[in-house]
Structure formats: structure tokens, C-alpha cells
Amino acid sequence: MTSTTAKAYPPTRVPLYRYLSSPQLLLRPSIRLKTTLYTLSISIILLVILALNVATAPTPTAGSNDVVNTSPSHDTPADSGEGKNVAQGKDAHLVEGDIQRSFEEPDFGLLSGRQPSEIGCDVPQEGEDKGVLIFLGIFSAADKKDRRDLYRRVIIPDFPKDLVTVKFILGTPAYPEKPISQEALDRTKLLTRVREEMSEHGDMVMLPMIDNIDLGKTHEYFKWVAHEYEGPGRIKGRPRFVMKADDDTILVMPNVISAFKDLDCAQNVYWGTSAGRSHYFGDYFRGLAYAMSWPLVSWIGNADMPLAHITKIEDARTGQWLRHLDPVTDPIKRIDMGWTMGDWNQLNVSTATVALHWCKLDQWVQEQHARLLQIWADEDRPYTHEHGIPPRISIANGKMTPTEAEKEHQRQKELGWDVQGNID
């Protein structure tokens, strides 16, 4: 019997494709150990690279925030004016780059749609299909019920319902970072209360967007109004003019009615005040309160514009939209009320005053409204829509800068807030 000597063969290396084509090989203990070690090593390397990238990433600076707040932040009644924001660097970067270009370049959606002169304004104020003189949208927020209730008691009763439709304009509250959290629960409760309030009063509009004035709320508002009253011929309830106002503005009802009752809504009427505005963005009326005729609102509200053309600096953005109009076929009728509209602590308040802004505290709303009523009573003039001051008188008064406004402007110059004379 012949014995055979065993031969030692060198270990055979298995090609990678064999592992991939034969999953059973991966189940061998030696292979599992190697795979685990390789995976762990690669993971450690990736974590080190990620840590190095984070460590060397540039730290955001105060001026790099993309969210721009253009509403004046007042510490006292005297701290007003948009120049303060510029001095603090909040608006300075807007004069260059993509944002500035968006305030200058034309928009295809506005140029290609039906122009205001083609839309017209067939809005009767009598008869079965009568409209209203003004649709007044007061910008509010979901958590501002106390302010809305105050306006329902003090301000809104001034306006005759057959002439003015008043609605509070809201967006939806922002979503919390964590979907399962106390913040998320609070948001749900807030929305429930808002729905109950809407059902009770019927004077609120919830726009389909996160509530942020810099994210296109004004365009979404005009879009809602345009679609709500859109259609051929006469539409019941359609407004002749559409106004946007802040919830810290008191509109002097008799003078507002007087300003619009004799205007032709088929014209491209743009009404408001330029007093105290910034020079950065050309002609526009300040956002405390401004209005446009129905053809302009329908034109803007039906334009499919990109996000870059509806966001940031809402009142200046409205002025930018109007610059797209052909001055021959669609001239704009600008009605500037000047210094009869503005911060209440800067105006010479009289029966010619049209709007008081910056009533931040509820107490100020009540005090300033009572002040208006007393001024009218002292002049023996009923505070009713039939007895408004003729707009030509208010416009003439508005051309005279009040002493307090001049003092405020000078104060801003001394503090360096009035950058290159950017404030009227």
C-alpha cells in the first residue's frame, strides 16, 4: 500500500467578483470580521474629515442673515425711521447683488398678462350686483387676537359696511423645528383658536403661506383678492379700490372715504404716502397704508411671478411692480398724501390727518383714536363718512413737513442713520 504525502498549497486569494457573485462567501466568520474592520475604519476616516470641515467652516456674521426685517424697531416714540435699519446694516446689502437686481429687472409674468387698461373697473355702487368702495386688508398674525379684538371694538365700527369691506389678513404660523414637541402642540392649539375666531367673526383671511411679510405676503394678499372677486362682467362685492394697512395704523375713516369716493377706479390709482420713505428703491408708498385701484390689483394678483420678484421690502416691491407699466397705455395716477400719514408722534394731527402709524401699544390705539374724535368735535365736524376733509386740502397739508418730523430727521443725521440722504 502506497502512502501519499500531503502537499501544502499556498492560500488562494478569492477575487472580489466572487464575493459579489456568491453571497455565501460573505457569511464566513473570517470574512465577516474583515468586513467589519474595513467598515469601521472607513467610518472613522469619514467622521474625521467631517469634523475638520466643520471646524474650518466660516462663522456666520451678523450681516449675513438672509432674513431682512425692514420694520423700524423703536425703543421710544422718537425712535422711528427706516434709516436706523440701514445704519445697523440690515438693509445696506440690498443695494447690490441679486436682491437689488430683482428690484430693477422686468418680470415676464407682469409683462405677459392682461394689462390694467384691458381689465377695467365696472363696479357699480348701487343695484343687485353692487360692489364696495374699498376692500381694506389689515395685516395681522395668528397670535394677535387681542389686537384684532381691540380694532373690532374701537376702529372698525367707524367704517360703514356698505362702503368698506374689512378683513384681517393672516398667514399660517411657522412650523416648529421638531414635529413632536411642545412648540408643535402649541401651534396646533393656536390654529384651533384661530379657526374658532374665524367662524365667530367672519372677518379673517388665512393665506396659504407661512406668515412673514418678507416672504411675499403682500403679493399673496393681492392674489387672494384678485381671485376672490375675479370673473367677467360685474361681480357682487368687488371693490373699486384695495388697501393694505398695518395693524398699528389708525385710518381716519371720513378722510379715507373722502379720498376715494370721487376717483375713477378704471384709472391706475396708486394712493398712499412717500413721507419718510427710503430712497433706495425708487418711487413707492410706505407700507403703513397704501391702496390701488381694482385693475392694478387684478393685474398684480394674476401675475405668476418668481419668488425673487415678490419677496423682501413689501412696500418697495409694490412700487417695483408698478414700474413695469407702459406709461403711454397705462399711466399711473399717484396720489401722495404726504405728512398727513405717518408716525403719530411726528405729525401735526388735525382734521386733515389721514392715518396715524406706530400705535404699537393697545393704550396708544385708544388714546390716539380718542384724540382724533376730540379734534373733530372741537372743529364741530361730525366724524362720519359724509363729512371728510376734501383730499386736496389733506394733500396740500401733507406737503409741509411737521416740526417733529424735521427734528427726527435731524436726530437721525446726527446719529449717522440718514445714509447719503436716503430718507425723505
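**Notes on the predicted model**

1. The chain contains 15 helices and 10 strands, where helices (H or I, at least four residues) and strands (E, at least two) are DSSP runs numbered from the N terminus. This is a predicted model, in which local features need pLDDT of at least 70 and side-chain atom pairs count only at pLDDT 80 or more, whereas totals for chains, interfaces and linings use all residues. Residues are numbered from 1 along each chain as its sequence is written, and side-chain values use heavy atoms, with hydrogens and water left out.

2. Of the 424 residues in the chain, 47% are buried; here buried means under 20% relative accessible area, exposed means over 50%, and partly exposed lies in between (1.4 Å probe, protein chains only). Among contacts in the chain with a separation of 6 or more, 74% are between residues 24 or more positions apart, a contact being heavy atoms within 4.5 Å.

3. Strand 4 (residues 239-246) is mostly covered, with seven of its eight residues buried. Strand 4 pairs with strand 1 (residues 132-139) in the parallel sense over seven bridges, and in this pairing Gly137 stands opposite Lys244; two strands are taken to pair if DSSP finds at least two bridges between them. Strand 4 is also joined to strand 7 (residues 289-293), in this case by five bridges and in the antiparallel sense, with Ala291 of strand 7 as the bridge partner of Met243.

4. A separate point concerns an open sheet of three strands, whose order is 5-10-9 and whose pairing is mixed. Strand 5 (250-251) and strand 9 (341-343) stand at the edges with a single partner strand each, so one side of each has no neighbour in the sheet. Strand 5 and strand 10 (residues 355-357) run antiparallel and are joined by two bridges, Leu251 having Ala355 in strand 10 as its bridge partner.

5. The structure holds 13 aromatic pairs, counted when rings of Phe, Tyr and Trp (its six-membered ring) have centres within 6.5 Å, with planes under 30 degrees apart called stacked, over 60 edge-to-face and the rest tilted. One of these is the tilted pair of Phe135 and Trp224, at 6.0 Å centre to centre and 50° between the planes. Phe135 belongs to strand 1 and Trp224 to helix 9 (residues 217-228), so this pair ties together parts that are 89 residues apart in sequence. Phe135 counts as buried because its relative accessibility is 0%, whereas Trp224, at 24%, counts as partly exposed.

6. Tyr270 and Tyr290 form an edge-to-face aromatic pair, with 6.4 Å centre to centre and 80° between the planes. Tyr270 lies in strand 6 (residues 268-272) and Tyr290 in strand 7, 20 residues apart, and the pair thus links distant parts of the chain. Tyr270 has 0% relative accessibility and counts as buried, and Tyr290 is likewise buried, with a relative accessible area of 0%.

7. Phe135 and Trp224 also belong to one aromatic cluster, together with Phe139, Tyr221, Phe222 and Tyr229.

8. How do helix 9 and helix 12 (residues 314-322) cross, and within what distance do their axes come? The axes come within 9 Å and cross at roughly 60°, the axes being lines fitted to C-alpha atoms, for helices over the stretch in contact, with angles from 0 to 180 degrees between N-to-C directions. The two helices are therefore oblique to each other, since angles under 35 degrees count as roughly parallel, over 145 as roughly antiparallel, 65 to 115 as roughly perpendicular and the rest as oblique.

9. Helix 10 (residues 253-260) is mostly covered, eight of its eight residues being buried; these include Met253, Asn255, Ser258 and Phe260. In helix 13 (residues 362-378) lies His369, which counts as buried at 7% relative accessibility. His369 touches Val154, Ile155, Asp158 and Ile250, leaving aside residues up to four places away in sequence.
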